[in-house]
Amino acid sequence: MENKIPENEITENDAEKRQKSGSGGKFVLAFLFTCLAAAGLFLLWAWISYNKRYSAEFIRAGLVLVYIIPCLLGGRMLGAMAKRNVFLPGALLGACYFAAVLLFSYVIKGADVQAAAAPLILCTISGAAGTLRLHRRKEKEQES
């Protein structure tokens, strides 16, 4: 006797194929979220630094956070949507965000590409770090 799987029942392989096929849309969604979060944080930081009259060094430090925080949040969103290890796509998300910022800066005022190594590393690492799951022990305990 043959074991037939009903047609309306989804097998594990089908579910994995569906998850992999939709990963491009999830990446684009996380990238758009990262860009919107960065724009919002940048406008907020510009307003705060203008009203408080911070020094140039303090303003630069805040701009570094505008590189890091959106990539962390976008990586976190990507990791939550994928529900699997997405360390490399998180790093790619950070690199794509940096490329978008660099392109925007170059179009607006002719950015210095040679001084871009440190922000590239910051964006890439923070995007990858955002995908890390910190509560794996709780998930494993609940499964058993």
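1. Let's start with R53, which counts as exposed because its relative accessibility is 59%. R53 sits in the loop between helix 2 and helix 3. It is worth a look for its backbone too: R53 has a positive phi of about 55 degrees, although it is not a glycine.

2. A word on what you're looking at: this is a predicted model, where local features need pLDDT of at least 70 and side-chain atom pairs count only at pLDDT 80 or more, while totals for chains, interfaces and linings use all residues. Residues are numbered from 1 along each chain as its sequence is written, and side-chain values use heavy atoms, with hydrogens and water left out.

3. Now the overall layout. The protein chain has six helices and zero strands, so helices and strands need a definition here: they are DSSP runs (H or I of at least four residues for helices, E of at least two for strands), numbered from the N terminus. Read from the N terminus on, the elements go α-α-α-α-α-α. Of the 144 residues in the chain, 23% are buried.

4. Next, the largest pocket, with a volume of about 720 Å³. Of the 22 residues that line it, Y67, V101, L102, F104 and S105 are the closest to its centre. On a 1 Å grid over the protein atoms alone, a pocket is an open set of points with protein on both sides within 12 Å along at least five of seven lines, whereas a cavity is a set of points where a 1.4 Å probe fits but cannot get out; lining residues have an atom within 4 Å of a point. Grid points are joined across faces, edges and corners, and the volume is the space filled by probe spheres set on the points.

5. Who supplies the lining of the largest pocket? Helix 4 gives the most, with nine residues. Helix 2 (23-52), helix 3 and helix 4 (87-109) each supply at least two.

6. On the surface, F33, L65, I69 and L73 form a nonpolar patch with about 320 Å² of accessible area together. Patch members have over 30% relative accessible area and no salt bridge, with nonpolar side chains (Val, Leu, Ile, Met, Phe, Trp, Tyr) joined within 5 Å and like charges within 9 Å. A salt bridge is a side-chain nitrogen of Lys or Arg within 4 Å of a carboxyl oxygen of Asp or Glu, and areas come from the Shrake-Rupley method with a 1.4 Å probe, only the protein chains shown counting as cover for residues. Helix 3 (residues 56-82) gives the most to this patch, with three residues. I69 has its place in helix 3 and counts as partly exposed because its relative accessibility is 34%.

7. A128, in helix 5 (residues 117-130), is buried because its relative accessible area is 4%. Its C-alpha atom is separated by 4.2 Å from that of G90, 38 residues apart along the chain.

8. Around the end of helix 3, A82 belongs to that helix and is buried, with a relative accessible area of 8%. N85 is in the loop between helix 3 and helix 4 and is exposed, at 60%; its C-alpha atom is separated by 7.8 Å from that of L132.

Notes:
Buried < 20%, exposed > 50% of the residue type's maximum accessible area, 1.4 Å probe, protein only.
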